[in-house]
Amino acid sequence: MSLTELHLALLAGAPRHGYDIKQEHDAWFPDSRPLPFGQVYATLARLQRDGLAEVVETRVDGGPERTVYALTAEGEQRLRTWLAEPAPPTGTGAEEIVRKTIAALHTGIDVQGYVARQRTAHLRRMRELGQVPAGAGPAERLVREHLVAHLDADLRWLDLATDLLRTPSPRPTPERTSS
Amino acid sequence: MKTSTAWLIARPRTSAGRTRALLVAGGAATGGGLLMTAAGVLRVPGQTFEYAADGSYTSFSTGEYSALAVQAGLRPGLLTGILLLVLPSLALTWQAVTTGSARRAAVHEGLRLSGAGPADLRRVAVLEPAVAGVAGGLLAGPVYLLLWLLLHVAAPPSARLLPGLSPWDAASWLVVVVLTALVAGAAGAYAATPRARRPVRAWPRLLTVAAGVAAFIAVVTSPRDLDQRALETTLNCVALTVLALGLLSTGALWVNSRATRLARSGTAVDVLAAGGLRTLAGPAGRTAGTTCVAGLTLGVAGSLTGALLGPDLSLAENVPALVLTCTAALLAVLAAMTAMALAATDDLVTTSRAVASTAALGAEPAVLEQVQRRRLAVVTTGPLVAGTALGGLYGLLDQSLTAVAGALLTIGLSVLLARAITAAVLRVLRPRIARAAAPSWLRVA
Amino acid sequence: MTSSALTLSGVSHSYGRTQALRDVSLSVAPGEVVAVTGPSGCGKSTLLLIAAGVLRAQSGRVTVAGTDLSGADDTARALVRRRSVGLVLQFGQLVPDLPVLDNVALPLLLEGHPPADARAAAAGWLDRVGLAVGPATLPAELSGGQTQLAAAARALVHGPALLLADEPTASLDTRSGRALLELMVSTTVAAGGSVLLVTHDNTVAARADREVRLRDGVIEHEVALS
């Protein structure tokens with residue numbers, strides 16, 4: 001389940017508490033269902049149990065008590081291993097490729113390598129799908145074409161992602177008036 | 001590559017290609033026929049002199065020919081006049097060989113990608129104009145025959161310019177055929193040689209024009225020397241050739257400078273016209289050059305006509321000369337018109353996509369026509385008037401009043417002529433403009 | 001190294017101040033299909049033109065079918081192109097004045113084959129790529145897609161050992177594009193030839209055995225897809 005690794009990625013930038021993680025997640029994936037608090041705390045507890053994350057601080061500033069978590073070395077290793085593998089080139093239900101790419105872009109962990117591996121995995125799959133066995137009927141060809149079209153869409157999105165990464169969008173600079 | 005293969009590739013197929021081949025052949029035939037005429041004039045027995053002991057001399061001539069061809073003082077003028085006729089036809093041939101440069105570049109590229117080497121490309125480029133040149137050279141014979149009928153058979157003895165037919169004519173015909181083939185082929189090879197686009201250096205060309213003008217003025221104003229007629233003829237020809245080459249080579253400069261001015265003026269029509277002119281500065285410049293050389297011939301012809309109509313000359317004896325100068329003027333105008341029609345058509349074919357895009361952007365037909373008119377005007381009015389004015393120097397520097405009048409009249413006439421030619425060519429072009437604006441040119445291909 | 005169909009080593013090229021290729025090395029084995037991909041302006045078309053000997057690399061060595069193109073003059077490079085290379089460019093680049101049939105026959109005609117034979121072979125290839133034209137049809141009468149089909153036929157007619165194609169299916173619809181690509185690749189490979197595809201279309205790249213990805217004139221990565 002990639003939700004575990006995703007939490008690791010959310011923790012990779014800086015130590016965070018549960019509420020931060022939920023906010024961050026919802027900002028990374030505006031299109032997906034907001035992460036329920038219950039799930040965040042459950043996942044954090046599991047991470048802590050497995051030695052992937054640790055509690056570094058307990059903050060009480062006026063409000064409710066907040067536990068701040070950080071990645072352990074093992075957690076970091078697990079995240080890197082996850083990002084070292086491209087998402088399975090399924091074409092449809094592409095949540096995993098989106099998760100990984102976004103996680104890679106946010107954490108900055110070997111982004112170019114990740115994109116290249118993902119591209120290769122997709123192209124290899126597309127190549128396999130292109131080798132239609134002799135005697136395949138039009139229906140089977142169409143199923144393959146459907147997958148190829150989705151993989152192609154993934155790859156184009158990936159290209160866009162790398163391009164955006166190379167040329168960061170210009171930040172609006174405060175206008176200066178000269179007199 | 002076999003020559004048959006080269007011919008298979010080079011053979012003109014489209015109507016534009018055939019027109020071009022016809023013009024090359026026509027120009028070569030006219031030029032060749034006139035060169036044969038010049039050779040014929042040289043065969044006319046000249047004056048012979050018998051010097052007396054006291055230094056005075058008596059001249060003898062057979063009396064069968066016009067004084068123009070016989071008298072030592074007049075013959076150089078006649079030969080120069082013939083050369084003046086050859087120049088516009090050569091300029092036109094050169095322009096015809098070099099038209100369709102965009103298309104030729106596409107042919108070149110397609111062949112190159114298919115594996116044609118430089119030698120193959122040269123062979124293809126040389127073959128078409130060379131064959132047209134041979135055809136033109138062969139046609140030069142009939143052209144000469146026609147002139148011979150006019151200037152020998154039909155003319156009264158006192159107006160004859162050409163001697164009877166002789167084996168020498170056959171020899172000069174052969175030389176002309178070889179010459180036109182070689183020159184047209186060489187022009188084809190030159191036109192096809194890819195050259196790096198460099199900014200045109202103005203000074204050498206302007207200097208050539210200046211040298212040509214200086215030589216021309218020197219020749220016109222120099223005293224006629226009886227003893228050095230061969231030298232004078234040579235000098236005349238050299239001066240004219242230098243001047244013509246200079247004018248031909250400054251065409252692109254003129255077009256570029258006009259385009260810059262137009263682009264700055266800011267109206268849509270001017271800016272569009274400037275854009276077209278700048279991308280096709282080479283071909284447009286050649287048109288301007290040809291028109292200018294035609295103007296030169298026109299100016300000289302006008303001055304000569306004026307001079308020949310002078311009160312101290314016998315009209316009857318000068319009829320052939322008058323006919324010759326009028327033919328020269330006519331030929332010059334014809335060359336200018338053909339040059340422009342050729343250039344304008346070529347221009348439209350090359351820029352069809354641009355014209356179609358402009359139309360697609362919302363330019364109405366009237367605007368497209370105005371753009372074409374503006375472009376034509378750039379290569380017509382200025383060059384023709386300038387050329388005529390230069391040629392008119394021939395008359396303006398003459399002492400005879402009628403020559404001055406003739407020159408001035410011709411210069412004035414050239415302004416009207418430029419407008420008339422532009423209007424006529426535009427009229428012929430109108431359906432083509434409509435065709436160039438057809439949306440089918442927008443297709444990606 | 002001599003056994004490879006195409007070898008580029010340390011090739012650099014620039015247009016004025018724009019560096020199109022920077023120290024690119026690449027080799028294509030006989031029977032191999034390689035896709036060069038990358039964003040627009042990454043130098044992939046320049047690479048193709050250099051491989052075809054149309055452009056001369058400013059530095060580095062280029063070997064096609066055992067001939068070193070870097071030192072060869074224009075004639076020698078044209079000979080290699082005529083005998084061993086089939087070239088398909090994005091817009092077809094047919095000779096405008098020649099009928100489509102003669103355009104396709106051109107590599108054979110240039111090689112000195114009798115016109116009748118060359119035209120018969122050309123007609124066969126036009127048929128195979130699925131383009132029906134009369135003997136006098138001119139390139140101007142074709143659509144963009146048809147022009148690409150004709151260009152592909154012209155590149156295949158002489159059975160080249162190295163097929164070089166720049167976006168060969170860009171003007172075609174998905175189905176005809178797929179069919180043309182398959183025809184070009186399978187016939188060339190079946191005859192022991194190699195294919196270098198330059199494309200930004202992933203479905204075209206997925207037909208290759210290997211992907212070479214260019215960015216800003218440098219090879220970004222190179223992976224086997226088979």
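Q: Where is B:V175 found?
A: B:V175 sits in helix α7 of chain B; helices here are DSSP runs of H or I with at least four residues, strands are E runs of at least two, and both are numbered from the N terminus. This is a predicted model, where local features need pLDDT of at least 70, side-chain atom pairs count only at pLDDT 80 or more, and totals for chains, interfaces and linings use all residues. Residues are numbered from 1 along each chain as its sequence is written, and side-chain values use heavy atoms, with hydrogens and water left out.

Q: What nonpolar surface patch is B:V175 part of?
A: One of about 640 Å², made by B:L35, B:L174, B:V175, B:V178, B:L179, B:L182 and B:V183. Patch residues have over 30% relative accessible area and no salt bridge, with nonpolar side chains (Val, Leu, Ile, Met, Phe, Trp, Tyr) joined within 5 Å. A salt bridge is a side-chain nitrogen of Lys or Arg within 4 Å of a carboxyl oxygen of Asp or Glu, and areas are Shrake-Rupley with a 1.4 Å probe.

Q: Which element gives the largest share of the patch?
A: α7(B), with six residues.

Q: And which residues of α7(B) are buried?
A: Among them are B:V176, B:V177, B:T180, B:A181, B:A184 and B:G188. Buried means under 20% relative accessible area, exposed over 50%, and partly exposed in between.

Q: Switching to B:T37, buried or exposed?
A: B:T37 is buried, at 4% relative accessible area. That residue belongs to helix α2 (residues 15-43) of chain B. Beyond neighbours within four places in sequence, B:T37 contacts B:I82, B:Y144, B:L147 and B:L162, a contact being heavy atoms within 4.5 Å.

Q: How many aromatic pairs are there over all chains?
A: Three. The rings of A:Y19 and A:F37 are stacked because their planes are at 15°, with centres 5.8 Å apart. Rings of Phe, Tyr and Trp (its six-membered ring) pair if their centres lie within 6.5 Å; planes under 30 degrees apart are stacked, over 60 edge-to-face, the rest tilted.

Q: Which parts does the A:Y19 and A:F37 pair tie together?
A: Helix α2 (residues 18-28) of chain A holds A:Y19 and helix α3 (residues 37-49) of chain A holds A:F37, so the parts tied together are 18 residues apart in sequence.

Conventions:
Chains are lettered from A and ligands numbered from 1 in the order in which they are written. Buried means under 20% relative accessible area, exposed over 50%, partly exposed in between (1.4 Å probe, protein chains only). Patches are made of residues with over 30% relative accessible area and no salt bridge: like charges are joined within 9 Å, nonpolar side chains (Val, Leu, Ile, Met, Phe, Trp, Tyr) within 5 Å.
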